[in-house]
Amino acid sequence: MERKSESSSLVMMASTLISRLLGILKSRALAVYFGAGALTDAVNFAYNIPNNFRKLFAEGSLSQSYLPLFSSFTHDDERCGRLYSQLVSFLILVFFFLLILSIFFSTSLIKLLSDFEDEYRISISASLLPYFTLFLFFISLSTLISTILQTRKRFIVSSIAPVFFTLGILVSLPLFSGRIGYWSMAAGVLSGSIVQLFIVYLGFRKLKVRFRLDFSFSSPDFRCVLAHWLPSSIGSMIAIISQSVTLYLASSLAEGSVTAFSNAVIFYQAPYGIFFSSISAVYFPLFSQAGNEKRRSELLCKSMEYLYTFLLPSAVILLALSHECVAVVLQKGAFTLEDTNLTASVLDYYLIAMIPLAFYSILQRCMFSMNRYYANLAVSAGVTLLDLVLTLFLIKSGFGVTSLAISYIFSSLLGAVILFFFIRDFEYARLAGKLARLTLVNLPLIVLALLYKVWSPSFYETGSTLINFIRTVLLGLSFMAVTLIMYVVCHVDFLSQLRRNQS
């Protein structure tokens, strides 16, 4: 079982890597064509509103509520098809009202959620909001289908599909930005999300699960999903409100702060998304299928060990090369060195928060598999409140847009510590030993990264050039080679298992 899990994780990682790299290229396209000023702030702000609601309707609370059920009847296609049909019908109803709201009240929503004072940014954000809301509908349907595919151990299609979403944006921006301006972002987001849905549906058709409109929401399975979704959705709403407040605070800071925040998140999400999304996609169903608490705790320990295995070197390498990475990707055209420095300063703190956030998030999924929804909700509310209080305090203390990332470090760390107390039969000493060993194995990389930061070369200041790209890639590969050599020499578990799978 573990070997299959690790192979599945590898498939997910490879596909997510491509998707995240394309996501970074998307940020580059936005930077090149729109810069990092008022226009890009407006586009990013409008996009982030429905994108935050993915926590509620897509990869967040709703999927965490129906995944355990789909996992429990993987051999019952009729029951699976009935619940699938009811969930699609439910999403159609919900998004019909959300779309109407975004069409007729978009300007009021942008004024409520942002601190934009100029009509220019308000008008752009308001005009784009309905199209981005429609994108959320297609992504929510894709997530539902992908979840069912994952419970049937079909990871390839569900992991490849998001690549086509980003490709839609990458094709649309250079083709249409000169003719229709910022509307090219709306065209790319919509076309990409439709293609993503089409790709996962092609894989889904091979299953014996059929769709029909079904509004019988009183069925036991759908009521079970709603019963689980209610407390978890409150937690997601708290996170959405927190993120909305974060965007509001970013919009109140200097021009370009929203874009710096958005770009930093995209860079940090590259390694985080590759490894956390891949490992959690495999292990979350296993948590739900675990026969007892001891087995669930063993799986949790293993998943956290794997997260640390990949996220620690990722964070160290990106911390060493944060300015270089941002510059070679974004610093061209309207995106300046000042924009690079601001984005990199925010990114550095998000990288420090990466491991605490990953542990907090995997613990939340484990809690969902235990049906500890209300405990999860209470912890989530407390963590969110701490995050907002710290953010406000740091902004008033003069930390600017970096306040948003610094507060993330402390709040996610506290959340992980608290959730640990709810896990029974957990071998804390074993996990501590595994993490200590992995830290020692990565010590040469950490020392090398620190020496590089002390050296502090400034070649990145000339921006996105071919020679700077080659330098940054070579530096990154050198750092990665150190990690790979140490992992092979020290027989790190995950790589050892993968070698045995191939032999």
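A residue counts as buried under 20% relative accessible area, as exposed over 50%, and as partly exposed in between, using a 1.4 Å probe and protein chains only. Ser177 has 12% relative accessibility, so Ser177 is buried. This is a predicted model, in which local features need pLDDT of at least 70 and side-chain atom pairs count only at pLDDT 80 or more, while totals for chains, interfaces and linings use all residues. Residues are numbered from 1 along each chain as its sequence is written, and side-chain values use heavy atoms, with hydrogens and water left out.

Start with the whole chain. The protein chain has 21 helices and zero strands. Both kinds of element are DSSP runs numbered from the N terminus: helices are H or I with at least four residues, strands are E with at least two. The radius of gyration is 22 Å, close to the 23 Å that the globule rule gives for 503 residues, so the chain is as compact as a globular protein of that length. That radius is taken over C-alpha atoms, and the rule is 2.2 Å times the number of residues to the power 0.38. Along the principal axes, the C-alpha atoms fill a box of roughly 60 × 60 × 40 Å.

Of the 503 residues, 58% count as buried. Contact means heavy atoms within 4.5 Å. Among contacts between residues at least 6 apart in sequence, 84% join residues at least 24 apart. The accessible surface comes to about 20,800 Å², and 68% of that belongs to carbon and sulfur atoms. Such areas come from the Shrake-Rupley method with a 1.4 Å probe; for residues, only the protein chains shown count as cover.

Now single residues. Ser177 sits in helix α8 (residues 155-180). Not counting residues up to four places away in sequence, Ser177 touches Tyr33, Phe34, Ser172 and Ser184.

Phe70 belongs to helix α4 (residues 61-72). Its relative accessible area is 1%, so Phe70 is buried. Neighbours within four places aside, the contacts of Phe70 include Cys80, Leu83, Tyr84 and Leu87, as well as Leu144, Ile148 and Thr151. Phe70 and Leu149 are 79 residues apart along the chain, yet their C-alpha atoms are separated by 9.6 Å.

Leu129 lies in helix α7 (residues 119-151). Leu129 is buried too, at a relative accessible area of 3%. Leaving aside neighbours within four places in sequence, Leu129 meets Ala46, Ile49, Pro50, Ser102, Ser106, Leu109 and Ile110.

Next, the aromatic rings. Rings of Phe, Tyr and Trp (its six-membered ring) pair if their centres lie within 6.5 Å; planes under 30 degrees apart count as stacked, over 60 as edge-to-face and the rest as tilted. The whole structure holds 31 aromatic pairs. The rings of Phe90 and Phe222 have centres 5.6 Å apart and planes at 65 degrees, so this pair is edge-to-face. The pair links distant parts of the chain: Phe90 is in helix α5 (residues 77-104) and Phe222 in helix α10 (residues 220-252), 132 residues apart. Phe90 is buried at 14% relative accessible area, and Phe222 is buried at 1%.

Tyr283 and Phe287 have ring centres 6.5 Å apart and planes at 50 degrees, so they form a tilted pair. Both lie in helix α11 (residues 257-289), four residues apart, about one turn of the helix. Both Tyr283 and Phe287 are buried. Ring pairs also join Phe261, Tyr268, Tyr272, Phe276, Tyr350 and Tyr408 into a cluster.
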